[in-house]
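Please consider the structure shown below.

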Amino acid sequence: MTTNIHFIGGEKGGVGKSLKSRVLAQYMIDHELPFLGFDTDRSHGALMRFYAGYASPVAVDRIESLDAIVEAAVDQPGRRILSTWRRGRTTRSPPGWKKPAC
């Protein structure tokens, strides 16, 4: 059984990351699709604010804390993982991560 991990993120504010996260979370709830949410946005955490019963905060400035996302996928096959990401002002990229070339 596979586990889908949905990463929603970007650096720029106001492009719809929180909206998309909320729409996906609500879709999964409405269709009774089991999922776990991980919110890395410290300032505007939409998953933590609106879906606290389904989400946990993750500090991306500590690379070890990212293990929780992968461990959740491994420990609970078939359960979807929804993770919001916001690099830039609110969080730093983990050490060794490079900004993609555009």
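A residue is called buried when its relative accessible area is under 20%, exposed when that area is over 50%, and partly exposed in between, with a 1.4 Å probe and protein chains only. Helices (H or I, at least four residues) and strands (E, at least two) are DSSP runs, numbered from the N terminus. The model is predicted: local features need pLDDT of at least 70 and side-chain atom pairs count only at pLDDT 80 or more, whereas totals for chains, interfaces and linings use all residues. Residues are numbered from 1 along each chain as its sequence is written, and side-chain values use heavy atoms, with hydrogens and water left out.

The protein contains three helices and four strands, arranged from the N terminus in the order β-α-β-α-β-α-β.

Helix α1 comprises the 14 residues 17-30. The expected span of a helix is 1.5 Å times one less than its number of residues; for α1 this gives 20 Å, and the end C-alpha atoms are 20 Å apart, which agrees. Which residues of α1 are buried? They are Lys17, Ser21, Ala25 and Met28. Seen down the axis of α1, these buried residues fall within an arc of 65°, so they line one face of the helix; the arc is that of the directions from the helix axis to the C-beta atoms. In general, an α-helix has 3.6 residues a turn, so residues three or four places apart point the same way. The face of α1 turned away from the buried side carries the exposed residues Leu19, Lys20, Val23 and Asp30. The cover over the buried residues of α1 includes β1 (5-9), β2 (35-39), α2 (46-50) and β4 (80-85). After α1 comes Glu32, with a positive phi near 55°.

A nonpolar core is a set of buried Ala, Val, Leu, Ile, Met, Phe, Trp, Tyr and Cys residues joined through side-chain atoms within 4.5 Å. The largest such core has ten residues, including Val58, Val60, Leu66 and Trp85. Two or more residues of this core come from each of β2, α3 (67-75) and β4, and α3 gives the most, with three. Leaving aside neighbours within four places in sequence, Ala72 is in contact (heavy atoms within 4.5 Å) with Leu36, Phe38 and Ile81. Apart from this core lies another, of eight residues, among them Ile8, Phe35, Ala55 and Leu82.

Of the 102 residues of the protein, 32% count as buried. Among contacts between residues at least 6 apart in sequence, 65% join residues at least 24 apart.
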